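Here is a short briefing to read beside the model. Take a moment to look at the sequence and the fold, and then follow the points below.

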Amino acid sequence: MLKLNRWGLNVAVAFALVTLGSVMAPGDAQAELVNGDFSAGLDNWTTSGDVSVDAGAAILGDTGVIVSQLYQGSDVGAGTHTLQFDFCNELSTFEPAGGFPDFVSINIYLIDDLGSFDLDNAVYDDVVALTNIDFNGPIGAVNGSIGPSSLGGDWQLFSVTFSSSFHYAIPTFELFGL
């Protein structure tokens, strides 16, 4: 679940992710994301920047940083897989003069050697670009579908089915506070 919030006067923007679905082929239990519901905080997730968990939601913020990242590799193997997650878009409408509003980029990186994955230096074998989201919602094309979430309120469900010939899939969530 992704939730974007403006926190107080420090103009921190948050993007919360809760109840992240598995990245797996039907019946392939090994491909489950570990701690995909954030019940154990950020255990088993790789983070950088302003990332926390509140009430079962992972929150990506921009307090003191320009980029916040959250991701986890999943051993999926070659085949067709589905990723689902709930998100709530509460990004700030603030747009600096001559700049861009904050946005979140969501992708699935594919790689055979998980140990060599390096998001910052673009070390991966392939990528499935899913969407970018700002305060107005998706920017441009959406690779997947967005519909109502069972969480109700402003929560939405994102779902995508993708094919991969690689061993690992790495769903990534990056908040850019520009």
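**Aromatic rings and buried cores**

Phe 117 counts as buried, because its relative accessibility is 13% and the cut-off for buried is under 20%. Please keep in mind that this is a predicted model.

- The structure holds 8 aromatic pairs.
- In one of them, the ring centres of Tyr 71 and Phe 117 are 5.4 Å apart and the planes stand at 80°, so this pair is edge-to-face.
- Tyr 71 belongs to strand E7 (residues 67-71), while Phe 117 sits in the loop between E10 and E11, so the pair ties together parts that are 46 residues apart in sequence.
- Tyr 71 also counts as buried, because its relative accessibility is 13%.
- Which residues do ring pairs link into a cluster? They are Tyr 71, Tyr 109, Phe 117 and Tyr 124.

**The pair of Phe 85 and Phe 173**

- Another aromatic pair is formed by Phe 85 and Phe 173, with 5.1 Å from centre to centre and 90° between the planes, and it is edge-to-face.
- This pair links distant parts of the chain, as Phe 85 is in strand E9 and Phe 173 is in strand E15, 88 residues apart.
- Are Phe 85 and Phe 173 buried or exposed? Both Phe 85 and Phe 173 are buried.

**The nonpolar cores**

- The largest nonpolar core has 26 residues, and those that touch the most other members are Leu 70, Ile 108, Leu 130 and Phe 162.
- At least two residues of this core come from each of these strands: E6 (57-61), E9 (79-87), E10 (103-111), E11 (126-134), E14 (156-164) and E15 (168-176).
- Which strand gives the most to this core? Strand E10 does, with 4 residues.
- Another core, of 7 residues, lies apart from the largest one, and its members include Tyr 71, Tyr 109, Tyr 168 and Ile 170.

**A glycine in strand E6**

- Gly 61 is found in strand E6.
- Why does Gly 61 count as buried? Its relative accessible area is 4%, and buried means under 20%.
- Gly 61 and Val 51 are 10 residues apart in sequence, and their C-alpha atoms are 6.2 Å apart in space.

Key: Residues numbered from 1 in each chain as written. Predicted model: local features only at pLDDT ≥ 70, side-chain atom pairs only at ≥ 80, totals over all residues. Heavy atoms only, no water. Core = buried A, V, L, I, M, F, W, Y, C linked by side-chain atoms within 4.5 Å. Buried < 20%, exposed > 50% of the residue type's maximum accessible area, 1.4 Å probe, protein only. Phe/Tyr/Trp six-rings, centres within 6.5 Å; stacked < 30°, edge-to-face > 60°.
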